[in-house]
Amino acid sequence: MPSPKAPQPPPSTLSTPELIPGLAGIPAAESSISFIDGQEGILAYRGHRIEVLAEHSTFEETTYLLWNACLPTQAELDAFKIELTAHYHLPDELLAALRALPAGGHPMAALQAMMPMLRMVSPVCNLKDPVSRHETSLRVLAAMPILIAAFERVRRGKEIIAPDPELSVAGNFLWCLNGEKPDAIEERILDCALVLHAEHTMNASTFACRVVASTETDAYTAVSGAVGTLFGPLHGGANERVLEQLEAIGGAENAQAWFQAQVAKKAKVMGMGHRVYKTKDPRARALQLLAKELFEARGTTELYATALELEKIAAEVFGARGIWPNVDFFSGIVYQKLGIPTDVFTPIFALARTAGWLAHWREQMRDNKLFRPGQIYTGVHDATWVPIEDR
Ligand code: CMC
């Protein structure tokens, strides 16, 4: 049997560029949306430090900031909220499609599937028109919490709850999920978590969103691609895994033995490490403060104690290697305390990050260039065609 020739140098006189695995550190765009200093543990949206936004801003105001590159006046923020809540009502045919989804499917798969369906019931977006782009952004963002909550209820055989335009995005999500008005602490804590997850420079899902956007497609399609990308356990899916991990440890007293076993088998500790941060993720610091506040108000949990112990033990071994808790380390513990099911954690990340994805979609649309990177070919050249009966 004839064998293909061994890999040959490409038939080009150009020198082969070096491959950077995972494109680590390679700029993929110019962007003014957010900034990270991974050594110092700094994250800022449009120049505003995340700690300041977590303390003083709301998800709606942060979204306005991300999309418009400036903080709104009170009148602008009020008008923005009215624009957003005007899209809370979803057409019946969309909800009928949601009811038909397999109830055993993961909520992230459901969310991803609903984006093209939302497109099918929405006016066509004129990509060249900033007003149309803004209207589409509002539609996508407004639908997110309602779709996530509706799928969660439908799969449990419950009625879908109609959204309440008087509530914030965070409050409305909890209302649509539970059918009870959230109290002030619950609403504020979820709102703050949304602010912390809203944007994070050129992470995998944002990159995916920009790649899809660069083909000059609409926000539904770009966000659908981003939702699928966020799902993986190395990205947004880690928050779900962190909770499973803490449950598997089975108590703070077991954390040391569990951690040593992980290190011995070179297994990853979920919720730790980051491509960019080589110190503690500033979002993890902020979420830890939220967790503290929530547990002081509502009573602590064993999982929280286990997480604190695991963080302490891991710091001794991982600290010198720049592996520290990331945003996912504390988020699941907070969401669980708010009564949210584990597989809805990553959809909440998606809801928050939709604000950032859409900021990037808008930025990409303003000055688009199709993404079409190169590759380093490692296959054969000039392979010989052998008829099927002779192989
Ligand atoms: N536990 C144990 N070892 C780790 C971890 C961890 N969580 N993270 C990195 N390392 C080690 C890894 O084993 C490797 O060691 P060696 O050089 O001996 O082979 C080294 O550090 C580099 O790891 P890497 O995975 O090649 O580095 P990366 O820059 O691709 O890592 C990461 C980024 C997030 C994929 C990784 O830290 C990880 O898998 N963490 C666990 C999953 C997780 O928590 N993901 C959420 C990320 S933050 C939320 C988000 O933005 O999506």
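**A working chat on the model**

A: Thr206 touches Thr201, Arg353, Trp357 and His360, leaving aside residues up to four places away in sequence. Keep in mind that this is a predicted model.

Q: Which helix does Thr206 lie in?
A: Thr206 is in helix α9.

Q: And is Thr206 buried or exposed?
A: Thr206 has a relative accessible area of 0%. The cut-off for buried is under 20%, so Thr206 is buried.

Q: Next topic, α10. How many residues, and how far does α10 reach?
A: Helix α10 covers residues 219-230, which is 12 residues. From first C-alpha to last, α10 reaches 16 Å, close to the 16 Å expected at 1.5 Å a residue.

Q: Which residues of α10 are buried?
A: Ala219, Tyr220, Ala222, Val223, Ser224, Ala226, Val227 and Leu230.

Q: What do the buried residues of α10 pack against?
A: Four helices: α5 (107-120), α6 (130-155), α9 (204-213) and α16 (345-366). One of them, α9, is the helix that holds Thr206.

Q: What is there at the start of α10?
A: A side-chain oxygen of Asp218 comes to within 3.0 Å of the backbone nitrogen of Tyr220. Tyr220 is also among the buried residues of α10.

Q: Now α14. How far from first C-alpha to last?
A: Helix α14 (residues 302-318) reaches 23 Å over 17 residues, close to the 24 Å expected at 1.5 Å a residue.

Q: Which of the α14 residues are buried, and what do they pack against?
A: The buried ones are Leu303, Tyr304, Thr306, Ala307, Leu310, Glu311, Ile313, Ala314 and Phe318. The partners of these buried residues are α11 (238-249), α12 (255-264), α13 (282-298) and α15 (328-337).

Q: Let's do helix pairs. At what angle do α2 and α3 cross?
A: The axes of α2 (residues 59-68) and α3 (residues 74-85) cross at roughly 100 degrees and come within 10 Å. Angles of 65 to 115 degrees count as roughly perpendicular, and α2 and α3 are therefore roughly perpendicular to each other.

Q: Which residues meet there?
A: From α2, Glu60, Glu61, Thr63, Tyr64 and Trp67; from α3, Glu76, Leu77, Phe80, Lys81 and Leu84. By class, the contact has five nonpolar, one polar and four charged residues.

Q: What about α3 with α6, what's the angle?
A: About 70 degrees, with the axes of α3 and α6 8 Å apart. That makes α3 roughly perpendicular to α6.

Q: And which residues meet in that one?
A: Phe80, Glu83 and Leu84 in α3 meet His134, Leu138, Leu141 and Ala142 in α6. The contact of α3 with α6 divides into five nonpolar residues, one polar and one charged. Phe80 and Leu84 are also among the α3 residues that meet α2.

Q: Last topic, backbone. What is phi of Arg46?
A: Phi of Arg46 is near 50 degrees, a positive value in a residue other than glycine. Arg46 lies in the loop between β2 (42-45) and β3 (48-49). At 15% relative accessibility, Arg46 counts as buried.

Q: What about phi of Asp382, and where does Asp382 lie?
A: Phi of Asp382 is near 55 degrees, again a positive value in a residue other than glycine. Asp382 lies in the segment after α16.

Q: Is Asp382 buried or exposed?
A: Exposed, with Asp382 at 63% relative accessibility.

Note on methods: Residues are numbered from 1 along each chain as its sequence is written. This is a predicted model: local features need pLDDT of at least 70, side-chain atom pairs count only at pLDDT 80 or more; totals for chains, interfaces and linings use all residues. Side-chain values use heavy atoms; hydrogens and water are left out. Axes are lines fitted to C-alpha atoms, for helices over the stretch in contact, and angles run from 0 to 180 degrees between N-to-C directions. Helices (H or I, at least four residues) and strands (E, at least two) are DSSP runs, numbered from the N terminus. Angles under 35 degrees count as roughly parallel, over 145 as roughly antiparallel, 65 to 115 as roughly perpendicular and the rest as oblique. Contact means heavy atoms within 4.5 Å. Ala, Val, Leu, Ile, Met, Phe, Trp, Tyr, Cys and Pro count as nonpolar, Asp, Glu, Lys and Arg as charged, and the others, Gly among them, as polar. The expected span of a helix is 1.5 Å times one less than its number of residues. Buried means under 20% relative accessible area, exposed over 50%, partly exposed in between (1.4 Å probe, protein chains only). A polar contact is a pair of N or O atoms within 3.5 Å; within protein, one must be able to donate a hydrogen and the other to accept it, and residues adjacent in sequence count only if both atoms are side-chain atoms.
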